[in-house]
Amino acid sequence: MAANKLHIEMFFDPDSSTFSYVVADNSSGSAAVIDPVLNYDAAAGSVSTADADKMLAYIAANNLRVEWILETHAHADHLSAAHYLHAKTGAPVAIGEGIKKVQQTFKLVFNLGDDELQAKGDYFDKLFADNESFRIGNLTAQVINTPGHTNDSVSYLIEGNLFVGDSLFMPDAGTARCDFPGGDAHILYRSIQRIYQLPDATQIYMCHDYQPNGRQLKYQTSVAEQKAQNIHVNAGTAEQEFVQKREARDKTLAVPRLIYPSVQVNIRAGQLPKAESNGVSYIKIPLKQH
Ligand SMILES: [Fe+2]
C-alpha cells in the first residue's frame with residue numbers, strides 16, 4: 001500500500017502462512033519491521049534467514065533505516081527473525097509488556113533456569129505499556145493492548161493502519177484460537193471491541209491468512225468490514241455468543257505444528273536457545289506420558 005505519508009510493504013511466508021511488514025516513513029526513510037519470520041524446517045532442525053534477508057534487501061534497496069523491530073506477540077506457529085534483524089540493523093526489538101507473563105508460563109513448561117530466562121522481559125529491548133506512543137521517523141505509532149489470543153498480544157496503530165497480530169483474521173476466517181496458556185475468549189472479545197471502536201476507515205493488516213475455501217490470499221481489511229462481516233464477532237455479536245463459538249472451535253483444533261520450537265525461540269525475542277558445549281542449540285519438547 002502506498003500513501004503519501006507512509007509505505008507498507010508486505011512479505012509472505014507460505015510455509016507458516018505469515019505476513020510480515022516493513023512500514024516506512026516516506027519523509028525521513030525511517031522504518032519499522034513487524035513480525036519478521038525466521039524460516040525453520042522442523043524435520044531437519046534447520047534454520048534459515050531467507051525471508052528476513054528479503055526484508056533486508058528491500059530495506060537496503062529503498063535506503064530505509066530500521067528504527068524498530070515490532071512483535072505483535074510471542075507467536076506459536078513460526079519462529080521470529082527479530083534477533084537476526086536486530087543483529088543486522090541495531091534496531092530495538094519491542095513487544096507488549098505481557099510478554100513477562102508468557103515468559104513465566106513457558107519458563108515452567110520448558111524447565112528453564114534463571115540463567116536461561118529471567119521471565120522479566122529479558123531478551124527484548126523495549127516492553128510497551130498499553131496506549132504507549134512512539135515514533136517511526138515522523139510517523140506516530142500507538143500500542144493498543146489486545147490480549148486474549150495470548151497474554152502479550154498488542155496491536156500497533158500507525159497513522160490509521162492497525163497491525164493486529166492474531167487478534168483478528170480476515171472477516172471470512174474470524175479470529176485466532178484462545179486455548180493456548182494465558183489465552184481467554186472473554187478477554188479477546190473485549191480486545192476486539194476496542195478495535196471496533198476505532199474509526200471505520202482504519203485499515204487492518206493481518207499476521208496470517210489461511211485462505212478459507214481456497215480463496216485468494218488476503219492481508220488487508222478495515223474496521224468497517226470486520227464489524228459488518230467477521231464470522232466470529234461482528235458489531236452485533238454478544239460476548240457469550242462469541243465465547244461459546246470460539247471455545248467450541250478451539251476444542252477441535254490440533255496443536256500447532258511448530259508450537260514448541262516457536263515458543264522456545266520467540267520468548268527469547270527470536271534468539272536460539274543457548275548453544276551446548278558442542279556449539280549446537282537444541283529445541284526441547286516436553287513429553288506427556290499417558
Ligand atoms: Fe499467534
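How many bridges join strand β4 to β7? In this predicted model, strand β4, residues 37-41, is joined to β7 by two bridges, and the two strands run antiparallel. Within this pairing, Val-37 has Ser-80 of β7 as its bridge partner. Both strands belong to an open sheet of three strands, which has the order β5-β4-β7 and antiparallel pairing. The edge strands of this sheet are β5 (46-48) and β7 (79-80), each of which pairs on one side only.

Parallel pairing was found for strands β3, β6 and β8. Strand β3 (residues 30-34) runs parallel to strand β6 (residues 65-70), and five bridges join them. One of the residues of this pairing is Ala-31, whose bridge partner in β6 is Val-66. Strand β6 also pairs with strand β8 (residues 93-96), again in the parallel sense, over two bridges. Here Leu-70 stands opposite Ala-94 of β8. In general, strands of a sheet pair through backbone hydrogen bonds, in either the parallel or the antiparallel sense.

Helix α7 was examined for burial. Eight of the eight residues of α7 are buried, so this helix is largely enclosed by the rest of the structure. The buried residues are Ile-259, Tyr-260, Pro-261, Ser-262, Val-263, Gln-264, Val-265 and Asn-266. Among the elements that cover them are strands β4 and β7, together with helix α3 (99-109).

The segment after α7 (259-266) contains Ile-283. Together with Ile-285 and Leu-287, Ile-283 forms a nonpolar patch on the surface, and the accessible area of the three residues together is about 310 Å².

Arg-177 was considered next. This residue is found in the loop between β13 (161-163) and α4 (185-196). Arg-177 counts as buried because its relative accessibility is 13%, and the cut-off for a buried residue is under 20%. The side chain of Arg-177 makes a polar contact with the side chain of Asp-179, at 2.7 Å. When neighbours within four places in sequence are left aside, the residues in contact with Arg-177 are His-149, Arg-246, Asp-250, Leu-253, Ala-254 and Pro-256.

Technical notes. Residues numbered from 1 in each chain as written. Predicted model: local features only at pLDDT ≥ 70, side-chain atom pairs only at ≥ 80, totals over all residues. Heavy atoms only, no water. Pairing = 2+ DSSP bridges. Helix = DSSP H or I, 4+ residues; strand = E, 2+ residues; numbered from the N terminus. Patch = residues over 30% accessible without salt bridge, like charges linked within 9 Å, V, L, I, M, F, W, Y side chains within 5 Å. Areas by Shrake-Rupley, 256 points an atom, 1.4 Å probe, with all protein chains shown as cover. Salt bridge = Lys/Arg side-chain N within 4 Å of Asp/Glu carboxyl O. Buried < 20%, exposed > 50% of the residue type's maximum accessible area, 1.4 Å probe, protein only. Polar contact = N/O pair within 3.5 Å; in protein donor to acceptor, adjacent residues only side chain to side chain. Contact = heavy atoms within 4.5 Å.
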